[in-house]
Amino acid sequence: MMRKGLAVLAPGTGETTIGVKLGERSYDIVIGKHLLDGAGTRIVATLPGARCAVVSDATVAALYMERLKASLGKLCLGDVVVAPGEPSKSFPVLAKVCERLLKLGVERGDVVVAFGGGVVGDLAGFAASILRRGVRLVQIPTTLLAQVDSSVGGKTGIDTPQGKNLIGTFHQPSLVLADISVLETLAPRDFRSGYAEVMKYGLLGDAPFFAWLEEHWPQILSGKGEARASAIATSCRAKTAIVEADEREESGTRALLNLGHTFGHALEAFAGYSDRLLHGEAIAIGMRLAFSFSAEQGLCPASDVNRIEAHLVHVGLPGRIADIPGGLPTPDELLQLMAQDKKVKGGRLALVLVRGIGQAFVEPDIPMNRLRAFLKRECAAS
Ligand SMILES: NC(=O)c1ccc[n+]([C@@H]2O[C@H](COP(=O)([O-])OP(=O)(O)OC[C@H]3O[C@@H](n4cnc5c(N)ncnc54)[C@H](O)[C@@H]3O)[C@@H](O)[C@H]2O)c1
Ligand SMILES: [Zn+2]
């Protein structure tokens, strides 16, 4: 189902373009260095006549807004800057963003530019999808997580006290510009959090890519050489293939992207969507749990669990529930939070399980007694 092998940068250009083929909703993902400075030209080429309103967060705006605005020039209607962090994915902030976009004069033919990490991408993407019944969206992702995952595929949304991303839309962008130079200012912890989603593509469908990550992670983390750009391009190709096969998560293929996410979302909810546990950190623990649970059910070799645990230690990501600082959840707390995730159908809990590295599948009806027993052991393990 997924393309095997590694993406290679086009020689000479230092840029990779990946086409996402979704009929009239098709678009390009461009990955390269210093793309910010040419963003205006590319947006004009993709969406002639559109004016832009930029949505960002305070950290990204302080670092890069001037450069982006210089590139947009007269196209720019203005900006909306929200507070950094997950709490901005909320109804009150969404309302403020929509009202400000209207005040800036965004019309049907204009474009909202989501300029930031996954939080800004999900929030601005949702705002674009409902503003004047839908305006176009350009994603300029600035975190590793946003470049390899959230900016591609069209899922937008906000969180509610009932859970993460429970309110949202599908709204594909018209263009994604992933400028890898901006990752140099990203905090190492945020970079590692995004790396968990890079790992995910290897673990769910591309064992050779995971083996390549086991070899190249030091260069990916340091940013030396071309390994980082290559890892981002391979991740985007993997996500693109899945989104093309199942744009709206209807056939089950797209659900594979949720590897580690039902566990992970429950852990994030338990930790209060806070700095205690970043999204990618929760997903790192979640993927390890999905592999361990699969191994316990006799589905997956224990040696694969060991490889994942070793890799998480190397890159500095957590792998155990006990790695979350500030107290452990009870198994029942976790089960309740997992049941609130979107993967519940007719009272049955579906989970992405694995037959090994690169072999994920959706199990639509998890035996709850086995899951409870597993979580009991995991919540106690230190
Ligand atoms: N829509 C999807 O398909 C999808 C997929 C995966 C994750 N997500 C969502 O993405 C969100 C997490 O995204 P994230 O990890 O990017 O978090 P984030 O957007 O909160 O960014 C992390 C931190 O990095 C800062 N930052 C961003 N770019 C920077 C840069 N270049 N230099 C310095 N600092 C920078 C931000 O201000 C923030 O403090 C979650 O809400 C998750 O649900 C969505
Ligand atoms: Zn994720």
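**Around the ligand**

Author: In this predicted model, helix α2 gives the most to the shell around ligand 1, with four residues.
Reader: Which elements give two or more residues to that shell?
Author: α2 (58-72), α4 (118-130), α5 (144-150), β8 (163-167) and α6 (188-205).
Reader: And which residues come nearest to ligand 1?
Author: There are 27 residues around the ligand, and D57, E86, T142, T143 and T185 come nearest.
Reader: How do those divide into nonpolar, polar and charged?
Author: The shell has eight nonpolar, nine polar and 10 charged residues.
Reader: What about the side chains of T142 and T185?
Author: An N or O atom in the side chain of T142 is 2.7 Å from a nitrogen atom of ligand 1. For the side chain of T185, an N or O atom is also 2.7 Å from a nitrogen of the ligand. The side chain of K164 has an N or O atom 2.8 Å from an oxygen atom of ligand 1.
Reader: How much of ligand 1 does the protein bury?
Author: 89% of the 870 Å² that the ligand exposes when taken alone.
Reader: Changing topic: what is the strand order in the sheet?
Author: The order is β1-β2-β9-β6-β5-β3-β4, in an open sheet of seven strands with mixed pairing. The edge strands are β1 (16-20) and β4 (76-82).
Reader: Do β1 and β2 pair in the parallel or antiparallel sense?
Author: Antiparallel, over five bridges. I18 stands opposite I29 in β2.
Reader: Where does helix α3 lie?
Author: Helix α3 (residues 91-103) lies across β3, β4 and β5, at about 165 degrees to β4.

Key:
Residues numbered from 1 in each chain as written. Chains lettered and ligands numbered in written order. Predicted model: local features only at pLDDT ≥ 70, side-chain atom pairs only at ≥ 80, totals over all residues. Heavy atoms only, no water. Near = heavy atom within 4 Å. Polar contact = N/O pair within 3.5 Å; in protein donor to acceptor, adjacent residues only side chain to side chain. Areas by Shrake-Rupley, 256 points an atom, 1.4 Å probe, with all protein chains shown as cover. Nonpolar A, V, L, I, M, F, W, Y, C, P; charged D, E, K, R; others polar. Pairing = 2+ DSSP bridges. Contact = heavy atoms within 4.5 Å. Axes fitted to C-alpha atoms, helices over the stretch in contact; angles between N-to-C directions.
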